[in-house]
Amino acid sequence: MTDIFAKPELDRRTLLRRAGAVGLLAAPGVSMLAACAGGGDDTTQKQSKGTVSADNPLGIDPKVGIEILIFDGGLGTKYSTDVDTPLYNKKWADSKVTFQSTQTVSTVVKPRLNAGNPPDMVNNSGSDLMDFGAIVNAGQASELTDLFAAPSLDIPGKKVSETLVPGAIEIGSYSGKPYAVNYSFTIYGLWYNKVLWDSKGWTPPTTWADFTALCDKIKAAGITPFGFAGANASYYMVRAILTSAVKIGTESVTKDIDNLKAGAWQNPAVMQAAQAWGEIGNKYIDKSFLGLKHTQVQLQQDQNKLAMYPCGSWLENEMAADTPKTGYQYAVMPMPSVTTSDQLPATAINAAAGEIYFAPAKAKNPQGGKEYLRTMLSKEAAKGFTDLTKSLTVVQGATDGLTLSPGLTSANDMLTKAGKDVFVGYLFDTWYKPLDDASRDAANELMFKGGDAKKFCDTMEAASQKVAGDSSIKKFPRS
């Protein structure tokens with residue numbers, strides 16, 4: 001047996017201080033592969049196959065069931081049980097869907113991947129996310145070229161690939177080949193309660209001077225101006241810093257970072273962004289947030305104790321149960337321009353496909369897993385997902401006819417105003433887990449422990465070059 005995660009894992013408590021909360025967040029796993037001491041055969045169980053046809057482009061056996069595993073987090077699981085599975089069985093009535101949900105994906109799935117009997121489709125997400133780069137490197141993920149070349153279930157005359165937003169396939173590709181469906185289209189920014197802001201006469205700032213002046217007003221009103229959870233969501237702050245860096249110096253900044261280019265983390269744009277945000281940490285953040293988890297800080301925002309929170313568009317759905325029914329309306333704004341010479345406008349935003357779904361290569365029915373993914377990528381399924389989760393998908397036109405929630409309406413408006421100035425940001429967090437871990441620690445250090453921008457950049461540069469120099473880590477080029 002080959003254990004693709006054979007290296008010792010981090011202590012769980014230590015890991016939670018580093019990990020993120022929901023979406024594209026890394027957790028236990030390693031990027032280097034090693035063999036079990038006991039050895040053994042790398043065998044694949046007998047896999048079901050059917051006949052490829054116009055009606056069955058992926059060649060599934062229509063009488064063989066599929067097993068799926070969905071992360072039970074901010075998006076919930078009802079989109080799978082109430083929308084996707086019924087749609088799948090509408091076409092494949094004799095293919096029983098065995099459903100499982102978990103909040104600990106790595107703990108549940110990793111042993112089955114190592115044993116060669118994984119589920120047929122896995123939603124790899126949450127704070128216990130598996131290192132997907134390691135999965136791809138080990139040949140444990142099915143290539144999805146045939147899925148994207150297959151016809152859409154309900155958009156006539158279109159291949160699946162032709163129904164998706166630009167960049168949706170690329171973000172799940174490794175060395176030019178697709179292995180993941182990044183299904184949820186996430187819009188990132190600074191979230192706030194529009195009802196509170198309107199009552200105070202506060203308006204979203206576009207310049208850094210306006211941003212800090214507003215922070216002073218908010219602080220004077222007895223409200224914490226800005227915050228994030230250091231215990232398990234420092235990823236949010238990494239994204240905020242690098243979003244500002246891209247707006248200062250264009251996306252070439254993060255492309256160099258992803259490509260492990262020497263000096264990329266010491267780029268003046270990164271230094272300026274880190275300096276600006278470090279000052280926010282010094283003056284306007286509650287230092288106790290370092291020990292809190294994401295929902296604890298988000299609850300403080302729901303209680304109007306926190307004014308601005310950096311996050312993705314899953315936030316509104318994640319906090320639905322705790323958000324006041326009156327006097328609260330989620331809204332989002334772009335990160336303010338750090339300098340007067342930023343190369344991207346204040347309206348520019350980071351938005352990208354996220355939330356990984358894949359078909360394990362050694363599953364009993366990987367083609368069935370792909371067919372389930374094809375169902376998810378139908379317009380009807382995507383519309384149901386948005387209706388239930390208040391989150392967009394990568395399927396174009398899937399919001400047609402829907403009444404969007406306040407937060408999603410605000411995010412959509414921000415996306416529209418951004419126009420062509422929408423950027424993916426970075427990919428190193430899913431490619432190189434050691435670098436992702438280092439960035440989360442460095443962001444906490446910057447924001448909670450002194451705001452030393454040079455230390456942040458130097459620490460990340462050293463971590464980047466350590467990965468670059470490690471020949472055992474497969475590198476993924478970004479153009």
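Is K390 buried, exposed or partly exposed? With a relative accessibility of 27%, K390 counts as partly exposed, where buried means under 20% relative accessible area, exposed over 50%, and partly exposed in between (1.4 Å probe, protein chains only). Hello everyone, and let me say where these values come from. This is a predicted model, in which local features need pLDDT of at least 70 and side-chain atom pairs count only at pLDDT 80 or more, while totals for chains, interfaces and linings use all residues. Residues are numbered from 1 along each chain as its sequence is written, and side-chain values use heavy atoms, with hydrogens and water left out.

Let me stay with K390 for a moment. The residue sits in the loop between α14 (379-389) and β12 (392-393); helices (H or I, at least four residues) and strands (E, at least two) are DSSP runs, numbered from the N terminus. You will find L260 in the loop between α9 (252-258) and α10 (268-284), and L260 is buried, at 8% relative accessible area.

Now, please look at the sheet. Strands of a sheet pair through backbone hydrogen bonds, either parallel or antiparallel. Here we have an open sheet of four strands in the order β8-β9-β7-β10, with mixed pairing; two strands pair if DSSP finds at least two bridges between them. Which strands stand at the edges? They are β8 (224-226) and β10 (330-333), each with a single partner strand, so one side of each has no neighbour in the sheet. From one strand to the next, the twist averages 30 degrees.

β8 pairs with β9 (residues 306-311) in the parallel sense, over two bridges. Within that pairing, F226 has M308 of β9 as its bridge partner. Two helices pack on this sheet. Helix α11 (residues 294-302) touches β7 (189-193), β9 and β10, and its direction makes about 140 degrees with that of β9. Helix α15 (residues 406-418) touches β7 and β10, at about 20 degrees to the direction of β10. For those angles, axes are lines fitted to C-alpha atoms, for helices over the stretch in contact, and angles run from 0 to 180 degrees between N-to-C directions.

F226 and M308 lead us to the core. In soluble globular proteins, nonpolar side chains tend to be buried together. A nonpolar core here is a set of buried Ala, Val, Leu, Ile, Met, Phe, Trp, Tyr and Cys residues joined through side-chain atoms within 4.5 Å. The largest one has 141 residues, and those touching the most other members are F132, W197, F226, W277, M308, L377 and F456. Helix α8 (residues 234-249) gives the most to this core, with nine residues.

What does W277 touch, beyond residues up to four places away in sequence? Its contacts include W208, F211, F226, M237 and M447, contact meaning heavy atoms within 4.5 Å. W208 is also among the contacts of S337, a residue in the loop between β10 and β11 (349-358). S337 is buried, at 11% relative accessibility.

On to the charged pairs. Side chains of opposite charge can pair when their charged atoms come close. The whole structure has 16 salt bridges, each being a side-chain nitrogen of Lys or Arg within 4 Å of a carboxyl oxygen of Asp or Glu. K63 and D94 form one of them, at 3.5 Å from N to O. That pair links distant parts of the chain, 31 residues apart: K63 is in the loop between α1 (12-18) and β1 (66-71), and D94 in the loop between α2 (78-91) and β2 (97-102). K63 is exposed, at 63% relative accessible area.

D198 and K194 are bridged too, with their closest N and O atoms 2.8 Å apart. Both lie in helix α6 (residues 194-200), four residues apart, about one turn of the helix. In helix α18 (residues 453-468), D458 and K454 are likewise four residues apart, and their salt bridge is 2.6 Å from N to O. E251, D258 and R478 join in a network of salt bridges.

Last, the cysteines. The count is zero disulfides, a disulfide being a pair of cysteine sulfur atoms within 2.5 Å. For C215, the nearest cysteine sulfur is that of C311, 18 Å away. C215 is buried, at 0% relative accessibility, and C457 is buried at 0% as well.
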